[in-house]
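Work through the exercises below with the sequence and the model at hand. Each task is followed by a solution in steps.

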Amino acid sequence: MSNEPGFDTLAIHAGAQPDPATGARITPIYQTASFVFDDVDHAAALFGLQAFGNIYTRITNPTTAVLEERVAALEGGTAALAVASGHAAQLIVMHALMQPGDEFIASRKLYGGSINQFGQSFKSFDWHVKWAEGTAASDFEAQITPKTKAIFIESLANPGGVVMDINGIAEVARKHHVPLIVDNTMATPYLCRPIEHGADIVVESLTKFLAGHGNSMGGIIVDGGTFDWGKDNRYPVLTQPRPEYNDIVLAETFGNFAFAIACRVLGLRDLGPAISPFNAFQIITGIETLALRMQRHCDNALKVAEYLEGHDKVEWVSYAGLQSDEHNKLQKQYMPKGAGGVFTFGVKGGYEAGVSLVSNVQIFSHLANIGDTRSLVIHPASTTHRQLDDDQQKAAGAGADVIRVSIGIEDADDLIADLAQALKQL
Amino acid sequence: MSDHDNYSDAHIRDILASVRSIAMIGASANKVRPSYFAATYLIAKGYDLYPINVGQAGNEIAGVMTYASLGDLPEPVDMVDVFRRAEALPGIVDEIMAMPHLPKIVWLQLGIRDDNIARKLEAEGMTVIQNRCPKIEYGRHCGEIAWVGVNRRIISAKKPILKPGYQHFTLEGQHA
Ligand SMILES: Cc1ncc(COP(=O)(O)O)c(C=O)c1O
């Protein structure tokens, strides 16, 4: 095909040809730990990265490879690496970029788990996060130091629904020659393709909208192929000879997909968080309907948000899709098809009212996840953010009155009716 | 001149399927250099490869005899693959023009592009591919490169074609 296929065609076909050995049309689940070599020369060529092929499922697997090529195609990247979870993807990306003592800049508007990973766990690797205090490009530039190795943002932040100015922040990254990493979990490539806006690396929790059915954990790293690693030798993992591969220089040998290869043959190989082929299969199947599901998530979320905005027991609604929302303009620019399926709102009556609402809903499931076909709800102050004091909860966007919903693809009228009956009980 | 900004997938695939013999200028004896990786891969895919490297003439690279120059080749080749810096191109063009049997294809490695030189070669009837790697292109078209997560930018409802052994794909109708 000479014309670039459309998004929906790629979502179904990218990476997935019929199985060459059996003709199976659906990608088989290659549930095997290892792969047989022809002979010792073939083994040596595989271990030396000279031949393409599978050795051991911690490093590559043919089912997982379909998932990788599919997401790389949807994001417009050169290559991808799928791993066990979104957090594993973030760890492996930073492991390839950071040396002890290095810094990276991150938005404060991030999923709480990422705030913990960056602010607490990464300290033991001597990697240091510098938080950008606001969302403007200048807030990121203000944190640049000679030790800065990367900038990390979410395209659409969880749960606040903040839409980030990716182009502006990408410009700062380019000026200081550090890669921009964008977590595209909440938007998905259906709503926003960060590489087109200047991102160099995209990470995603596949567990959410990509898998889409709340049944599988997974994460992915997409290499934009845009960053010049050799320019000033600040990324030794890519530009220094690797003793474990006969002194190969990854950036030189693998060109514009060297970052994805580095994450695979060093990060994943040595740290080990491989995705199971069964999960990869589930996620491949989920992605086939991504466009249909994502549009419905957005359409339903807008209807529910509009309903809540007019409800007298609701204090405020934070959803970028609402005309009244402060992020509506950026949403129209970066994700015109919709503002995603997740948003927060405040109930009158604070903590008690929040607890009552999540206890009385019948269709919404009370749990800690997003991006499922079914609608989900959580009251962060009594669950995920329970350990924080009042001020910390407020700073994290998890004040006593805050409810987070992930709107599913059920009938919107039923979701509204469920919230209506639960609000009535307040 | 052909469009060197956009080669169609069919054009690249047809070249790789029709070529049998390749002279690789700048093939390295160093086993971790990209040219060595490409050489071993192309040999494994059935091409008759002739490494050209003046310092290694008379020695084997990747198990095959190395020649000092294109003029020393024992027989005509279908394709010349240039794995040298751009500065070396003018001298290489002279060498190609002096070959008793011109190759059908001149392929310039990833990172090398010179449209004037391409025009000169095309005027003599040769097809020129610039700024591509034959190993990557072969891997895209046979499908193997997808095993390391690379986006091939090719979709197909036809199966990849197996070669004997484990985990080896080939191109439909490949002559080599
Ligand atoms: C925006 C975002 N990034 C990353 C993650 C972490 O992904 P995982 O739970 O797959 O490790 C999550 C999970 O909620 C998320 O919402």
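A salt bridge is a side-chain nitrogen of Lys or Arg within 4 Å of a carboxyl oxygen of Asp or Glu. The model used here is predicted.

**Exercise 1.** Find how many salt bridges cross the interface of chain B and chain A, and check one of them.

Solution.
1. The rule finds 2 salt bridges across the interface of chain B and chain A.
2. One pairs the side chains of B:R152 and A:E69, at 2.9 Å from N to O.
3. This pair counts because 2.9 Å lies within the 4 Å limit.

**Exercise 2.** Describe the contact between chain B and chain A by residues and by buried area.

Solution.
1. Chain B gives 35 residues to the contact, and chain A gives 46 residues.
2. Between them the chains bury about 3400 Å², with 57% of it on carbon and sulfur atoms.
3. On the side of chain B, the residues that lose the most area to chain A are B:W147, B:I155 and B:Q167, together 20% of what that side buries.
4. Polar contacts between chain B and chain A, with both residues at pLDDT 80 or more, come to 14 residue pairs.
5. By class, the side of chain B that touches chain A has 18 nonpolar, 8 polar and 9 charged residues.

**Exercise 3.** Determine which residues line the second largest cavity.

Solution.
1. The second largest cavity has a volume of about 50 Å³.
2. From chain A, its lining includes A:E4, A:L10, A:A14, A:E69 and A:A73.
3. From chain B, the lining includes B:N151, B:R153, B:I154 and B:I155.
4. A:E69 of this lining also takes part in the salt bridge with B:R152.

Notes. Residues numbered from 1 in each chain as written. Chains lettered and ligands numbered in written order. Predicted model: local features only at pLDDT ≥ 70, side-chain atom pairs only at ≥ 80, totals over all residues. Heavy atoms only, no water. Contact = heavy atoms within 4.5 Å. Buried area = accessible area lost by both parts, 1.4 Å probe. Polar contact = N/O pair within 3.5 Å; in protein donor to acceptor, adjacent residues only side chain to side chain. Nonpolar A, V, L, I, M, F, W, Y, C, P; charged D, E, K, R; others polar. 1 Å grid on protein atoms, 1.4 Å probe; cavity = no way out; pocket = protein on both sides within 12 Å on 5 of 7 lines; lining within 4 Å. Points joined across faces, edges and corners; volume = space filled by probe spheres on them.
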